[in-house]
Amino acid sequence: MLRIIGDICFADWYFDKGRGVGTSIARGNNPFGKLPRKAEDFWIGNFECVCADSDKHFVVRPDILNSVPHLDLYGVANNHSMQIGDKGYLQTIEYLETKGIPYVGSLSQKSRTFVHQGKKVGILAFSMRPDNFTSEPLYWHLPEYSEIDNVINTLEDCDFKIAFIHWGYEFMNRPNIEQRQMAHWLIDSGIDMVIGMHPHIMQGDEQYKGKHIFYSLGNAVFNMSWEPTKYGLLVNVDLANEKPAVSTQYLYIEKDFFPKIVENLPTVYSRQFLDKEVNKIEENEKYFATARTYNSQYTQANRKDILKRMWKMPFNEKYELISDFIKRRFLKK
């Protein structure tokens, strides 16, 4: 079975340096330890950090990551891949290649094929988000439709084709009109399943011409304070029969930053609710107004969490946190 999860950050990030995911992994903890991983399954996820020799945010050192029992394939086209520039991205790719871990979404590896359950699977990965760190990303970035079509055509002999896309707007619970148009076009062009990520919260699933479109799987391994960011989706695709069988399971990120499968969750995070949200057709002005509201809720939750923890922090950590906030918020660095 194919098992697909969303955003994975193996590193400490902006607000938890010294106490985040990377620090936990360095202590020997397994970020995937609570997932039902079987040798016969093939796991795919989004590698949303950098693996390099650096102590900056969103970066985890290779020696720390060596302890992780990695997934079978990672997407490497996202807006944090270039967090510390070309050198960091190339080190990430070098790490994956050295460990023999397949990846997809770089400029030199826009697509990949593999055989699973006797079927040839093709996957292509790209990002439709602006890059905040460089004007020339080394991953597949903002491609034209004609370029995507050319890559899809190279997968013509595949039994099952997946588009793995970094897109949409952070902390928004539904896609916009342009995303739906692109998703439908991808299906019309031969893609069998669209998998989206980037919003850090779940969005709904739409079926178009009998094919599934998951607009956002949400987080899988991430440390974020806002409650909606703690829920994610695991997509299962059984290729054993002629027609792929698709099912989903919910993930919940616990206090140790790592996901486990859960059966029940609040209605507003459920597929039943979110699938209906997909069908809301809104003008962009109204859509982005809602997105700003959700972003504000996320920011407020983050600030409350930071203030709650700040009094316990050593002076150097407080200084670094405040300094980083000023650089990003006011100096735009």
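# Notebook: contacts, cores and spaces

I began with contacts (heavy atoms within 4.5 Å). Residues 24 or more positions apart account for 70% of the contacts in the protein chain with a separation of 6 or more. I note that this is a predicted model: local features need pLDDT of at least 70, side-chain atom pairs count only at pLDDT 80 or more, and totals for chains, interfaces and linings use all residues. Numbering runs from 1 along each chain as its sequence is written, and side-chain values use heavy atoms, with hydrogens and water left out.

**Entry: overall chain**

I looked up the secondary structure, taking helices (H or I, at least four residues) and strands (E, at least two) as DSSP runs numbered from the N terminus. The protein chain has 8 helices and 16 strands. Its radius of gyration, taken over C-alpha atoms, is 19 Å, close to the 20 Å of the globule rule for 333 residues, so the chain is as compact as a globular protein of that length. That rule is 2.2 Å times the number of residues to the power 0.38. Along the principal axes, the C-alpha atoms fill a box of roughly 60 × 45 × 40 Å. I then checked burial: buried means under 20% relative accessible area, exposed over 50%, and partly exposed in between, with a 1.4 Å probe and protein chains only. Of the 333 residues, 55% count as buried.

**Entry: nonpolar cores**

I searched for nonpolar cores, meaning sets of buried Ala, Val, Leu, Ile, Met, Phe, Trp, Tyr and Cys residues joined through side-chain atoms within 4.5 Å. In soluble globular proteins, nonpolar side chains tend to be buried together. Here the largest core has 47 residues. I5, I8, F10, F32, F47 and Y74 have the most contacts inside it. At least two residues each come from β1 (2-8), α1 (21-26), β2 (42-47), α2 (62-65), α3 (86-99), β13 (219-221) and α7 (284-310). Helix α3 gives the most to this core, with 4 residues. Leaving aside residues up to four places away in sequence, I8 touches F32, G45, N46, F47, E48, C49, L71, Y74, A220, V221 and F222.

**Entry: helix α5**

I picked two residues here. I187 sits in helix α5 (residues 177-188). I187 counts as buried because its relative accessibility is 7%. Beyond four places in sequence, I187 touches D192, M193, V194, Y208, K209, K211 and I213. For one of these, I213, the separation from I187 is 26 residues in sequence and 8.8 Å in space, C-alpha to C-alpha.

Q179 is also in α5. At 5% relative accessibility, Q179 counts as buried. Q179 touches W167, G168, Y215 and Y287, again not counting residues up to four places away. I also took the Q179 to A245 distance: 66 residues in sequence, 24 Å C-alpha to C-alpha.

**Entry: empty space**

Rolling a probe the size of a water molecule over the atoms shows where empty space is left. I used a 1 Å grid over the protein atoms alone. A cavity is a set of points where a 1.4 Å probe fits but cannot get out; a pocket is an open set with protein on both sides within 12 Å along at least five of seven lines; lining residues have an atom within 4 Å of a point. Points are joined across faces, edges and corners, and a volume is the space filled by probe spheres set on them.

The count is 1 cavity of 30 Å³ or more. The largest cavity holds about 40 Å³. F47, C49, V76, S81, Y89 and T92 line it. By class, that lining has 4 nonpolar, 2 polar and no charged residues. For classes, Ala, Val, Leu, Ile, Met, Phe, Trp, Tyr, Cys and Pro are nonpolar, Asp, Glu, Lys and Arg charged, and the others, Gly among them, polar.

The second largest pocket has a volume of about 360 Å³. Of its 18 lining residues, N223, K230, K255, F257 and D305 are the closest to its centre. Both β15 (245-253) and α7 supply at least two lining residues, and α7 gives the most, with 3. This lining divides into 7 nonpolar, 3 polar and 8 charged residues.

**Entry: positive phi**

Most residues other than glycine have a negative phi. I noted two with positive values. Phi of L142 is near 45°. L142 lies in the loop between β8 (119-127) and α4 (145-154), and is partly exposed at 41% relative accessible area. Phi of F171 is near 70°. F171 lies in the loop between β9 (160-166) and α5, and counts as buried at 3% relative accessibility.
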